[in-house]
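Good morning, and thank you for the time on the agenda.

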Amino acid sequence: MADENVLKGKDFVINSPSQQDRFNLWPGKYHSPVTTALWHARSSIVERARNISVDSPAQSTLQSKTPAGNRTSVLYNFSSDNELREEYRNPWNSIRIGKLLEDLDALAGTIAVKHCSDSDHTTRPLLLVTASVDKISMKKRLRIDVDLQLAGAVAWVGRSSMEIRMEVIQPVREVMEEDDKALIANFTFVARDWKTHKAALVNHLVPQTEEEKQLFAMGSARDAHRKKLRLEHQEASTSPFTKQYNDRLAQLLREGRVLCEMPALADRNSILMRDTRLENAIICQPQQRNMHGRIFGGFLMRRAFEIAFSTAYVFGGIRPLFLEVDHVDFRRPVDVGDFLRLKSCVLYTETENLEQPRIHVEVIAHVTQPELKSSEVSNTFYFTFSLDPEIKAPGVDWNVRRVLPATEEEARTYLARYEADHIVHEVSV
């Protein structure tokens with residue numbers, strides 16, 4: 001790992017008054033020492049963004065950079081740092097996954113900024129926005145008493161977008177093994193001109209090693225696959241539903257109506273989707289903003305994870321085990337002062353495998369502006385949980401209910417999510 005720029009969050013200390021003054025101006029002052037280190041890595045670019053006018057010239061010459069040149073990692077010294085360990089500990093003596101998702105976005109943003117920066121300090125920097133995150137799956141449990149590392153690099157670059165490949169590694173050792181990767185995620189960022197907000201070209205990426213070339217090809221394939229899916233979605237929205245789809249829809253609604261109108265005669269092992277709902281609301285604060293003045297995508301992911309976890313906890317009656325979050329698109333930016341409402345529910349469950357039943361939770365983030373009488377969806381998140389086998393009594397099966405829709409809108413959401421979860425993905429991570 002000699003080519004990495006390792007940031008040890010706990011070791012980062014601001015000593016000089018000039019550093020402290022600059023830090024007080026940095027946006028998004030999270031209370032995490034790791035994100036403090038990330039902001040320190042961005043400090044020169046943040047200062048440049050503050051001092052350069054939007055009327056300054058745009059970058060005229062694109063540079064060619066390598067993945068190794070922007071590779072960055074953060075080391076969490078959980079084994080030796082009690083304060084840092086407490087920062088990330090959940091009530092069950094494990095790691096707060098939502099906080100880790102937040103840090104992943106922060107680190108990916110730092111890497112994107114590093115790749116897009118140029119050496120000319122008279123040009124205005126680019127505006128970078130998290131566009132999407134590919135499906136994130138946990139490959140193994142994470143421990144709070146073992147050192148952990150977040151690492152990432154730019155893996156693919158298009159005209160105005162780039163893909164950052166992120167990894168969560170535990171344990172951390174000199175020679176990493178494939179089993180050490182607990183999580184892999186691909187963050188897609190898009191670049192906009194700071195003045196016009198139109199798409200802007202980003203620096204080229206020149207992969208050097210065979211692994212880097214393979215990751216570049218996979219990123220290119222994923223980009224083509226996303227474009228294909230968008231086209232298919234547009235065509236599907238204008239095409240009539242098949243007889244098979246309509247039959248499944250009608251069957252779901254029949255079963256749901258029995259539970260609505262004749263609950264005493266309904267299957268005791270079923271529950272209405274609306275009875276699994278949770279909701280919370282927050283005002284987005286300045287401390288949650290990124291260097292462009294908008295709310296961190298990672299902050300939204302953490303809050304969505306926390307309400308999804310709570311929904312699965314209340315539904316299953318036993319501590320949930322996080323399995324994955326599906327592809328996330330950031331449709332609308334969230335600004336400081338926005339009234340953010342998070343609504344969650346269990347969409348459906350799978351109980352074919354009694355040892356590891358699956359609970360699929362939807363979280364919809366609404367940006368509400370009372371002054372404008374406006375409410376728009378900024379994100380929709382789909383989380384999958386199971387129930388933690390470590391607390392299962394021997395010989396006792398889980399009692400995970402079947403979830404049924406009460407309205408046609410709920411039934412269509414149920415079917416759309418089920419089909420999306422059970423298609424064969426063409427592109428691997």
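Let me begin with a question: is cysteine 345 buried or exposed? Please keep in mind that we are looking at a predicted model. Cysteine 345 is buried, because its relative accessible area is 1%, and the cut-off for burial is under 20%. Cysteine 284 is buried as well, with a relative accessibility of 1%. As for disulfides, the criterion is a pair of cysteine sulfur atoms within 2.5 Å, and the count by that rule is zero.

I turn now to strand S3, which covers residues 72-76. Five of its five residues are buried, so the strand is largely enclosed by the rest of the structure. In a regular strand, side chains alternate between the two faces of the sheet. In S3, Thr72, Val74 and Tyr76 lie on one side, Ser73 and Leu75 lie on the other, and all of these are buried. S3 pairs with strand S6, residues 148-157, in the antiparallel sense, over five bridges. Within that pairing, leucine 75 has glutamine 149 of S6 as its bridge partner.

My last item is methionine 166, which sits in strand S7, residues 161-169. Methionine 166 counts as buried because its relative accessibility is 0%. Which residues does methionine 166 touch, leaving aside those up to four places away in sequence? Among them are Leu104, Leu107, Ala108 and Ile111, together with Ala151, Gly152 and Phe187. Finally, methionine 166 and threonine 72 are 94 residues apart in sequence, while their C-alpha atoms are 9.7 Å apart in space.

Definitions and conventions:
Residues numbered from 1 in each chain as written. Predicted model: local features only at pLDDT ≥ 70, side-chain atom pairs only at ≥ 80, totals over all residues. Heavy atoms only, no water. Buried < 20%, exposed > 50% of the residue type's maximum accessible area, 1.4 Å probe, protein only. Helix = DSSP H or I, 4+ residues; strand = E, 2+ residues; numbered from the N terminus. Pairing = 2+ DSSP bridges. Contact = heavy atoms within 4.5 Å.
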